[in-house]
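I opened this entry to record what could be looked up in the chain as a whole, and then in its parts. My notes follow in the order in which I took them.

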Amino acid sequence: MVRMNSVNVGAGDVSSVAPLQRTALHDTLVNHLRDMIIEGNLAPGSRIHEGQLGEQLGVSRTPLREAIKYLASEGLVELVPSRGAVVKRFSPKDVEDMLTVLQSMEELAGRLACEVGSAEEIAHVRALHDEMLDKYRSGDRLNYYKLNQAIHTAIVQMAHNATLSNMHTTLQTRLKRIRFVGHEGPEKWAAAVAEHEEMIVALEQRNKPALSEALGRHLKNAWERVKDGV
């Protein structure tokens, strides 16, 4: 719960509260639309009909348009002249190329995390991992996926390299839908979980070669899991 200092707000000060409300709506819309793209409710290549979607979500076009522009900045949506907003469709080559670069980034991040990551940061990743396993056991695929991605982000952040973190965030965001597809089917999902088990063990042991290898193999296998569905 966010605590704010008590302030007397007169009639002329009401405008100072409005940006917080708009920001909350914007963030909610962005997160909701992103989830729709991840889960395939807004399919790759499909046009986003602002009027229809706005009615469905109960919002006006202005905040919806701003949320769509934000998703375009993340690379999940394209703003196409004469067509409007379209969910980004990546070619198989695009996906393989991005996963190859992401693999190298996470291999490096794994080595650095073992060197400079704090005990508290490692404990945080362990907590995320355990929560992710709970979602896996309950079959909650979307929240499992979000925790899965949070683990990858946390490991990269443990490297304490801002350039690496920024570049990783860009690619990870563009691959959200593709990575989600990689967990379709019980065998693929179980394989991904087993790889994460290896990763957390290596991290807790600060075993640089083992964590780097596990992360690299995980990303390489990610391509094998998604290539038929791209």
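Predicted model: local features only at pLDDT ≥ 70, side-chain atom pairs only at ≥ 80, totals over all residues.

Of the chain's 230 residues, 40% count as buried. For the accessible surface I recorded about 12,500 Å², with 51% of that area belonging to carbon and sulfur atoms.

I then took the overall extent. Along the principal axes, the C-alpha atoms fill a box of roughly 60 × 50 × 35 Å.

Next I looked up the secondary structure. I noted 10 helices and 2 strands in the chain. In sequence order these elements run α-α-α-β-β-α-α-α-α-α-α-α.

I turned to the contacts. Among those between residues at least 6 apart in sequence, 73% join residues at least 24 apart.

For the charges, I looked up 28 positive and 30 negative ones, whose mean positions lie 5 Å apart.

I then asked which domains the assignment gives for the chain. I found domain 1 at residues 25-87 and domain 2 at residues 92-226. Their centres, taken over C-alpha atoms, are separated by 27 Å. Where the two domains meet, 9 residues of domain 1 are in contact with 8 residues of domain 2.

Finally, I consulted the UniProt record. Its unreviewed entry places the feature "domain: HTH gntR-type" at residues 23-90. Over residues 23-90 I noted 57% helix and 12% strand. The end C-alpha atoms of residues 23-90 are 30 Å apart.

Technical notes
Residues numbered from 1 in each chain as written. Heavy atoms only, no water. Helix = DSSP H or I, 4+ residues; strand = E, 2+ residues; numbered from the N terminus. Buried < 20%, exposed > 50% of the residue type's maximum accessible area, 1.4 Å probe, protein only. Contact = heavy atoms within 4.5 Å. Areas by Shrake-Rupley, 256 points an atom, 1.4 Å probe, with all protein chains shown as cover. Lys, Arg positive; Asp, Glu negative; His and termini not counted. Charge placed at Lys NZ, Arg CZ, Asp CG, Glu CD. UniProt positions renumbered as here; feature names shortened; annotations may be inferred. Domains from an automatic or database assignment.
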